[in-house]
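Have a look at the sequence and the fold first.

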Amino acid sequence: MVILVGTAMGGRLASLDALALIYQASWVVQLVLVLLVLLSIFSWTIIGSKMLELRRAEQDSESFLQVYHERSMEDSFEAAKDLDRSPLAAIFMSAYGELKRAARTSGQPLRVTDAHVDALKRHVVWTGSREALRLERGLSFLATTGSAAPFIGLFGTVIGIINAFEGIGRAGSASLAVVAPGIAEALIATAVGLFAAIPATIFYNVFVGKLRGITVAIELFAAEYEDDLRRMARPTPAAPRAERE
């Protein structure tokens, strides 16, 4: 970006390059710009990784549910090992894996009892909460950037305007050539602040909406899984004895 300003001496034009303005700006404005650029870089890094993470979580969850609803518990356990990016698969592996370890320790065949169900329910709830927190990781940084970056940029704007007034005092003139550098660096700070805040705010809202759907899926699967475990714990009714002749 190049800004052309007229001098007080007449028609001569001076060019003010944006990079030159940043280089010549006060150290406070430079520090503000560096901070905003770092916030923007970190935000875009989180946005890219979070988009990939949530997409994989949704895809793996759909694949796992298909196996869970159509095949056996043992097949679901094997499938969950390969679909570990799904929070639903993690919930299933936590509870069913604990059940398999208990069976190996006791040396008895795998069998679900009411006592097992109560213990496994705690595993399901704990793992569901852990997976939800894992998927939310990084969103607080986006929220902080979206809310704080405009004010950080505004601070740089204020410093730039102060520098412009100081330039007027030193030159004893309010010509555009004197005011332009300070105003330009103030506007650059505002623009960089908005550049950091707008994407962070937009994608934060997008991710919150996606996470809301995943959280509902976690709650529904946890309830369904608990019901299936309770059905496994119920004794199979004995076949009626043949009537004596």
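What follows covers the ground rules, a helix pair, a surface patch and some salt bridges.

## Ground rules

This is a predicted model, so local features need pLDDT of at least 70, side-chain atom pairs count only at pLDDT 80 or more, and totals for chains, interfaces and linings use all residues. Residues are numbered from 1 along each chain as its sequence is written, and side-chain values use heavy atoms, with hydrogens and water left out.

## How α2 and α3 sit together

Two packed helices are described by the angle between their axes and the distance between the axes. Here, the axes of α2 and α3 (residues 73-82) come within 8 Å and cross at roughly 165°. Helices are DSSP runs of H or I, at least four residues, numbered from the N terminus. Axes are lines fitted to C-alpha atoms, for helices over the stretch in contact, with angles from 0 to 180 degrees between N-to-C directions.

That makes α2 and α3 roughly antiparallel (angles over 145 degrees count as such). Their crossing is right-handed, meaning that the near helix is turned clockwise from the far one by less than a right angle.

## A greasy patch

Val 34, Val 37, Leu 38, Ile 41 and Phe 42 make a nonpolar surface patch of about 430 Å². Patch members have over 30% relative accessible area and no salt bridge, and nonpolar side chains are joined within 5 Å; areas come from the Shrake-Rupley method with a 1.4 Å probe.

Ile 41 is found in helix α2 (residues 27-70). With a relative accessible area of 45%, Ile 41 is partly exposed (buried is under 20%, exposed over 50%, partly exposed in between).

## Salt bridges

Side chains of opposite charge can pair when their charged atoms come close. The structure holds nine salt bridges, each a side-chain nitrogen of Lys or Arg within 4 Å of a carboxyl oxygen of Asp or Glu. In one of them, Glu 53 pairs with Lys 50 at 2.9 Å between the closest N and O atoms. Both lie in α2, three residues apart, yet Lys 50 is buried at 3% while Glu 53 is partly exposed at 24%.

Which residue does Arg 85 meet in a salt bridge? The partner is Asp 60, at 3.1 Å, N to O. This pair links distant parts of the chain, with Arg 85 in the loop between α3 and α4 (87-106) and Asp 60 in α2. Asp 60 is buried at 6%.

How values were computed: Patches are made of residues with over 30% relative accessible area and no salt bridge: like charges are joined within 9 Å, nonpolar side chains (Val, Leu, Ile, Met, Phe, Trp, Tyr) within 5 Å. Helices (H or I, at least four residues) and strands (E, at least two) are DSSP runs, numbered from the N terminus. Buried means under 20% relative accessible area, exposed over 50%, partly exposed in between (1.4 Å probe, protein chains only). Angles under 35 degrees count as roughly parallel, over 145 as roughly antiparallel, 65 to 115 as roughly perpendicular and the rest as oblique.
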